Amino acid sequence: MQSATFAKPLWQTYLLFLAPMVLSNFLQSMSGTVNSIYIGQMLGTQALAAVSGMFPVVFFFIALVIGLGAGAGVLIGQAWGARETHMVKAIAGATLLLGVLIGLVAAVLGTLFARQALTGLGTPMDVLDDAVDYAHVMLWILPSLLVFVLFTQLLRGVSDTLSPLLALIVSTAVGLALTPALIRGWLGLPPLGIQSAAYAGLAGNLSAMAWLAWRLIRKGHPLAPDREFFAALRLDRVILGKVLRIGLPTGVQMIVLSLSELVILALVNQHGSQATAAYGAVTQIVNYVQFPALSIAITASILGAQAIGAGHLQRMGPILRTGLLINVCLTGGLIVLGYLLSHWLLGLFLTEDSTRAMAEHLLHIMLWSLLVFGFQAIIGGIMRASGTVLVPVVISIICVVGVQLPAAYWLDGQFGLQGVWMAFPVAYLGMLILQTLYYKLVWKHQKIERLV
């Protein structure tokens, strides 16, 4: 598989890697949307509010695990490029075991302090009891969710993006079929009310992991759960030190970015419910354009890590250039479609003409800047392939906290609601300038060495 990775034209390798990742992102977004519809329509608005209150807590732990996966993915990519399958298993085993421990700690502490945490997050009192009941179940199934998320990330380190997609299809199908059945008590199942989505999610995760184990064993996959793999399930301090050095900054970055979105939302909310509805609709469309850009950056990082592991450092430049070109074609194409179809797309979410016109104006202000966002993410991804993470992450955080948020407040005062959206291009341009300067002036002059 390694030789095939380097034998194909780069654009072909990118697209083979990208297609399943983009489909996975789409599937995850769709699954969350349908589950929310189930709960809202079958149990009511209060139930949906109770479930929504748990999201920031779950996201915190998912962000940590995605950070771990990003760090482990770089190390696995380098080991895979060097054809050291024993090291691939060692990295995966240590990372997965740490993920399980994080999940168990979250389950215990979360169960003990669920009510205090949800109260601190401002959960309305009329849904607090339901939210706590849902939280207890959700936190106890968290270890299985974190392992599933983490393992699918590790598979990408060996250029396998198809298995995670197929596993996600299994998980989504089981979860979406079981949720309404558990809500209503169909087929003799117990009616579980608000906890239905959590139990259905658990069944989906376990089904997907069982199917994934069968597929990987049948294919003789390097990450198949065989005897050698289970022997590698130990907390190797050296390996985990490297994983955390790369992964923790990425997790922190995700948490900071999510908190900044809450600040932006609070700013938008001051302009009334119409503005909030427009924000929600614009965010839906932006996500479908932003996900492919982030997927290109992840691909660049994995391919770069594999090239470093194989000693093909001369491929780093072409990998970067190919990623930037695909960003122009893929992200740029989606942006053009977004502009051309914006009126129709926003009409899927908004029925009032005045709100749709507002949302369309706001979308037009910032949509183009997602191309810039993609460029900076790809440059950061290439640097992450060598283990250089801290400075690119600090640049992103500074541009969000030190540029975007102050600019949003100032531009809001100058231009009203549209000023909030003007702050996005300002931040993304700042990221691109600083990431490019660091890449050209510092990173390119550093000696690139394998981390494992």
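Student: Which handedness does the crossing of H13 and H16 have?
Tutor: H13 passes H16 in a right-handed crossing. A crossing is right-handed if the near helix is turned clockwise from the far one by less than a right angle, and left-handed if anticlockwise. This is a predicted model, where local features need pLDDT of at least 70, side-chain atom pairs count only at pLDDT 80 or more, and totals for chains, interfaces and linings use all residues. Residues are numbered from 1 along each chain as its sequence is written, and side-chain values use heavy atoms, with hydrogens and water left out.

Student: At what angle do the axes of H13 and H16 cross?
Tutor: Roughly 155°, and the axes come within 9 Å. H13 is therefore roughly antiparallel to H16 (angles over 145 degrees count as roughly antiparallel, under 35 as roughly parallel, 65 to 115 as roughly perpendicular and the rest as oblique). Axes are lines fitted to C-alpha atoms, for helices over the stretch in contact, and angles run from 0 to 180 degrees between N-to-C directions. H13 covers residues 316-340 and H16 residues 369-384; helices are DSSP runs of H or I with at least four residues, numbered from the N terminus.

Student: Which residues of H13 and H16 meet?
Tutor: Among them are Leu320, Leu324 and Val328 in H13, and Leu371, Phe375 and Ile378 in H16. Contact means heavy atoms within 4.5 Å. The residues of the contact of H13 with H16 divide into 12 nonpolar, 5 polar and no charged. Ala, Val, Leu, Ile, Met, Phe, Trp, Tyr, Cys and Pro count as nonpolar, Asp, Glu, Lys and Arg as charged, and the others, Gly among them, as polar.

Student: Now H12 and H15. How do their axes cross?
Tutor: At roughly 50°, coming within 9 Å, so H12 and H15 are oblique to each other. Their crossing is right-handed. The contact includes Ala278, Val282 and Ile285 of H12, with Met358, Leu362 and Leu363 of H15. Its residues divide into 11 nonpolar, 3 polar and no charged.

Student: New topic. How many disulfides does the structure hold?
Tutor: 0. A disulfide is a pair of cysteine sulfur atoms within 2.5 Å.

Student: Is Cys329 buried or exposed?
Tutor: Cys329 is exposed, with a relative accessible area of 56% (buried means under 20%, exposed over 50%, partly exposed in between, with a 1.4 Å probe and protein chains only). Cys399 counts as buried, at 2%.

Student: Last one. Where is Ser163?
Tutor: Ser163 is in helix H8, residues 162-184. Ser163 is buried, at 1% relative accessible area. Leaving aside neighbours within four places in sequence, Ser163 is in contact with Leu155, Trp211, Leu212, Arg215 and Leu216.

Notes
Helices (H or I, at least four residues) and strands (E, at least two) are DSSP runs, numbered from the N terminus.
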